[in-house]
Amino acid sequence: MYVAKRDGRIERFSLYKLDGCISKLTFGLHPRYVQARVVSRRVADSLRSDLDSCELAELAAEMAASLVGAHPDYGILAARISIGSLHKAIQKRFSAVIWDLYHNIDPQTQKPAPLVSEAVFRNVQRHAEEVDSAIVHGRDEDYDYFTLEESVKPRLLRTGRGNQISERPQHMLMRTAMDVHGDDVADAIQTYAAMSKRLFMLPLPNQLLPSFALDMADDSVDGIFSTLKTCAQTLPRGNLGLGVQRVRANGSCIAGTDGTAKGIGPMLRVFNDAARLGGASGSLVVYLEPWHADVFDFLNLGRSGGKDELRARDLAYALWVPDLFMRRVDQDGDWTLMCPAECPGLVDCYAGEFDALYEQYEGTGRGRRTLKARALWSAVVEMQMETGGPSVLYKDACNVKSNQKHLGPVRGSGPHAELMQAAAPGEASSCAQAALHLPAFVCRGAFDFDGLHHAAQVLARSLDKMLDAAPAHLQRRRPLGIGADGLADAFLALGLPFDSPPARQLNVRIFETVYHAALTASAQMAKAAGAPHPAYAGSPAAAGLLQHDLCGVTPTALWDWAALRRAIATHGVRNSVLVALPGAEALSPAPSQLVCRRGRSGSGHLHAFNPHLVRALAARGLWSADVRAQVAAAGGSVQALADDRLPASVKALFRTAAELGGQRAVLQLAADRAPFVDQSQAVAVAMPRATPAKVAAMHFFGWRAGLKTGCSSLGHGARSPLVPPESPEAAHAARQVLEDTAAAACARVRLGRPGADGVPDDGCRVAVFV
């Protein structure tokens, strides 16, 4: 069997040489559990025909990745093999790569087809020496294989008939930074450095606005179909939240036709078809207030059972709940359902004004139907236990704590319950979003708050510059959605159980730092621009009220808030909102210590364990095939391991979401960081043994804690069914995927001694005896 080299030479395949090449890439990895010869043997066993060097490298990377179940460092080794192949094929100098990308020729038409803009090309060539010297290619060595395949490689530019990757990962990061900052090379290099260290990743220009919130344009044929058109145009670009509470209820009179309305059910089935055509299932989330007369029909649309023509299962659902309803449920009071056409104004008011208007309509008998509030509440809880939805958001908290309340009411949120912006009916609101990667700020057993503060400022400036290409109504308010991910991993890296008091304190300090840094950068940008954003006048911030002031919370002494207030009072802020947390899973404990990852090109599934768990067990000498099999059989839980094998303190650290008990910790952490989140946050609750009483208690805890989003999804938190106990198929899969590295090392491989040319005498003949 032969290998075609990059320079055109043909060489006989050498297991000895391959083993040496892979061994050079194992530096810094666990020497006991990560062994190059295990990978090279798997490569040799998989060879069926001649191949070139690139194909051999990708095969070796796939073989290394297939061993992540034995130790997560195999994922790093796989990435190093793949990246090493890229580095050999692509020149090192960034400016030279950009030159080639700009002068790209379409292989079919033979016409110029530049892959970078002229502005990027000229700025890079003008500052070639500076940007070339700023790139650190060695940072590629710490990528994980799945991060590389899922997040990095799809962003790399490709050229030629073979669609070959034509830039290195570090080139892509610098190109992204130069594209955002233009001729401001200092900011571009600063942004590149932050992304290179994986503190955050800027979105692609077409992914800058990943989610939208939209209120129905009008309760009319024109308004409904205008909104439908907006949805159809928006869904291919991002997910969408749609408020439909202003649409008249079933049976209402239509004066123009002297007919009666059919309500929101038939209308939403049309939107369901638009969602099916324009995006993935669940990409369109529909919001309704619980006083709407069609609320029971609304809840039934997402049921798993029933006739298809009566359902709209490609939509997701959310309730926009006023405090008055929660009080009525708490007091077992009555609740009146109304039609927005017969009881106008309820959609556009909140808090005391809503209460007064609603009770006025009740008192004058303008409601459609009166029932016990708990009857409707029971239907909501039943639906959540069956389908995980609807999401529950609290209308009054969202509006009372809004920094855009001077622009009008917030009538709904985005698809992940994270957007909180006032917008005119029919106008889609959004914000520029990117997330800070919290585990990257854990250094030598401590959390680097100064580093987080600096990175959040860099991210805020970068996102604001990207908004220059956004629609005009967004440029007027310049909304940002700085988020965060990896909170649970940061806790694990510091040895903090998710529900421990130190974790709770760290959670507050992290998000206080992010909010303070974002405000600091926004005030500095307003100063540089000579004016705040055009919608600043009349806002709570202009009156000296920041998000924690609206929540009635005093921040810690970690940062100088007094100096920041003076800067805002003098210069204003560049952005109307700054922080949004759309990823519930990014802020929640892991549902399992065992995850299933899809292999390259969808070729199969790979089982991988939580790296923190693996390293904790390996440090105690407990990481073995037997332990892996026990954790896999338990669906990714370590609680069944004997105490003499795993101390109770370690078990407490690695509890899954379902094992935290009632999810009070998830809600408490969400409430603690809420004063520093000026939009909102997704809150996913896992409740494996949910009962109506437990679900109700969860909701009332969040409501009384002042959360804007009470629950964005309710999951059963069931353990992973990937490897169920007592399953012969699972046992076979475990033996295949979770093969013990130590046992593999005992395999006897017959290798020939190297000849004069460095090739073993017996070429590629490999005999394995286990």
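Which residue in β2 is the bridge partner of tyrosine 2? The partner is arginine 12. The structure is a predicted model, in which local features need pLDDT of at least 70 and side-chain atom pairs count only at pLDDT 80 or more, while totals for chains, interfaces and linings use all residues. Residues are numbered from 1 along each chain as its sequence is written, and side-chain values use heavy atoms, with hydrogens and water left out.

**Domains and annotation**

- The protein is divided into domain 1 (1-89), domain 2 (95-140 + 170-197) and domain 3 (211-401), with bounds that come from an automatic or database domain assignment.
- Between the C-alpha centres of domain 1 and domain 2 the separation is 30 Å.
- An unreviewed UniProt entry carries the annotation "domain: ATP-cone" for residues 1-92; such annotations may be inferred rather than shown by experiment, and their positions are given in the numbering used here.
- Residues 1-92 are 54% helix and 9% strand, and the end C-alpha atoms of the span lie 31 Å apart.

**The three-stranded sheet**

- Strands β2, β1 and β3 form an open sheet in the order β2-β1-β3, with mixed pairing.
- β2 (10-12) and β3 (51-52) stand at the edges with a single partner strand each, so one side of each has no neighbour in the sheet.
- Strand β1 (residues 2-4) runs antiparallel to β2 and is joined to it by 3 bridges; two strands pair if DSSP finds at least two bridges between them.
- Strands (E, at least two residues) and helices (H or I, at least four) are DSSP runs, numbered from the N terminus.

**Nonpolar cores**

- A nonpolar core is a set of buried Ala, Val, Leu, Ile, Met, Phe, Trp, Tyr and Cys residues joined through side-chain atoms within 4.5 Å.
- The largest such core has 207 residues, of which Leu436 and Leu463 touch the most other members.
- Helix α21 (residues 501-529) supplies the largest share of this core, 12 residues.
- Apart from this core lies another, of 20 residues, including Phe609, Ala616, Val627 and Val638.
- Beyond its neighbours within four places in sequence, leucine 436 is in contact (heavy atoms within 4.5 Å) with residues including Leu199, Phe200, Ile482 and Val514.

**Cysteines**

- The structure holds 0 disulfides, a disulfide being a pair of cysteine sulfur atoms within 2.5 Å.
- For cysteine 349, the closest cysteine sulfur is that of cysteine 343, 11 Å away and too far for a bond.
- Cysteine 349 is buried at 3% relative accessibility (buried means under 20% relative accessible area, exposed over 50%, partly exposed in between, with a 1.4 Å probe and protein chains only).
- The sulfur of cysteine 711 is 14 Å from its closest cysteine sulfur, in cysteine 398, again too far for a bond.
- Cysteine 711 is also buried, with a relative accessible area of 0%.
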